[in-house]
Amino acid sequence: MGYRDYTAGSRNNLLNTANPLVMLVILQIVFFILLNFIKSIYTFSSLQEEAFYRNIYHWFIMPGDLMKFFQRPWTLISMQFSEVRLMIVISNLIWLWTFGFLVQDLIGNDKLFPIYMYSATAAGVVFMLTVNLMYPNDTISFFYNGPGAGIMGLALAATTLSPKYRFFPMIGGGIPLWVI
């Protein structure tokens, strides 16, 4: 007869998972729900929607202005998870799951989160440099948000690791990864 340890630390629940892809999806969903909940409070309390974007949303997205960025440096991380439009979030989650699962399958769980974070952070830095070099007098009107750069980093990593990978291989030979 065997012995099984039923301690609380041995359970594998959703928030105690070792899968970074699930954690990224949870972070995206939590930020989406939190921002839309606050937006709904603004809407139902007869405040204008513009007030939500001015008072709350701009604290999570990355500004193009260097002085605002130095006042809110956390936006380099929070901009990767801040999106309030439903269809954009759904499509981002589909692509995140697709390319994240593929990267996990090719190189393992431990590389997914660094690839996502490094590529999104690098995109934020490139955004900041580009805005300040190309539009030095109008940086106040530019901002950056969304997980697109992190997802693109995962797609680039998957394509670099396995360029001959094919989706739906049973249908006419499949669709090459580099086409998607």
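**A walk through a predicted helical chain**

Trp74 sits in the loop that joins helix 3 (66-71) to helix 4 (75-78). Helices here are DSSP runs of H or I with at least four residues, strands are DSSP runs of E with at least two, and both are numbered from the N terminus. The model is predicted, so local features need pLDDT of at least 70 and side-chain atom pairs count only at pLDDT 80 or more, while totals for chains, interfaces and linings use all residues. Residues are numbered from 1 along each chain as its sequence is written, and side-chain values use heavy atoms, with hydrogens and water left out.

How exposed is Trp74? Its relative accessible area is 42%, so Trp74 is partly exposed. The cut-offs are under 20% for buried and over 50% for exposed, with partly exposed in between (1.4 Å probe, protein chains only). Trp74 and Leu154 are 80 residues apart along the chain, and their C-alpha atoms are separated by 22 Å.

Now the whole chain. It has seven helices and four strands. From the N terminus, the order is α-α-β-α-α-α-α-β-α-β-β. The C-alpha trace spans about 65 × 45 × 30 Å along its principal axes. Of the 180 residues, 37% count as buried. A contact means heavy atoms within 4.5 Å. Among contacts with a separation of 6 or more, 65% link residues 24 or more positions apart.

The surface comes next. The accessible area of the protein chain is about 11500 Å², and carbon and sulfur atoms hold 69% of it. Such areas come from the Shrake-Rupley method with a 1.4 Å probe; for residues, only the protein chains shown count as cover. The chain carries 10 positive and 8 negative side chains, and the centres of the two sets lie 6 Å apart. Lys and Arg count as positive, Asp and Glu as negative; His and the chain ends are not counted. Each charge is placed at NZ of Lys, CZ of Arg, CG of Asp or CD of Glu.

The largest nonpolar core has 22 residues, and Leu96, Phe99, Tyr116 and Leu154 have the most contacts inside it. Helix 1 (20-44), helix 5, helix 6 and helix 7 each supply at least two of its residues. Helix 5 gives the largest share, six residues. A nonpolar core is a set of buried Ala, Val, Leu, Ile, Met, Phe, Trp, Tyr and Cys residues joined through side-chain atoms within 4.5 Å.

Leu154 belongs to helix 7, where Ala149, Gly150, Ile151 and Gly153 are also among the buried residues. The buried residues of helix 7 pack against helix 5 (86-107), helix 6 (112-134) and strand 2 (143-144). Beyond its neighbours within four places in sequence, Leu154 touches Leu96, Phe99, Gly100, Val103, Leu112, Ile115 and Tyr116.

Helix 6 has 23 residues and should span 33 Å at 1.5 Å a residue; its end C-alpha atoms are 33 Å apart, which agrees. The expected span is 1.5 Å times one less than the number of residues. Buried residues of helix 6 include Leu112, Tyr116, Ala120, Gly124 and Phe127.

Thr139 lies between helix 6 and strand 2. Its relative accessibility is 7%, so Thr139 counts as buried. Ser46 lies in the loop between helix 1 and helix 2 (49-55). Ser46 is exposed because its relative accessible area is 70%. Phi of Ser46 is near 60°, a positive value in a residue other than glycine.
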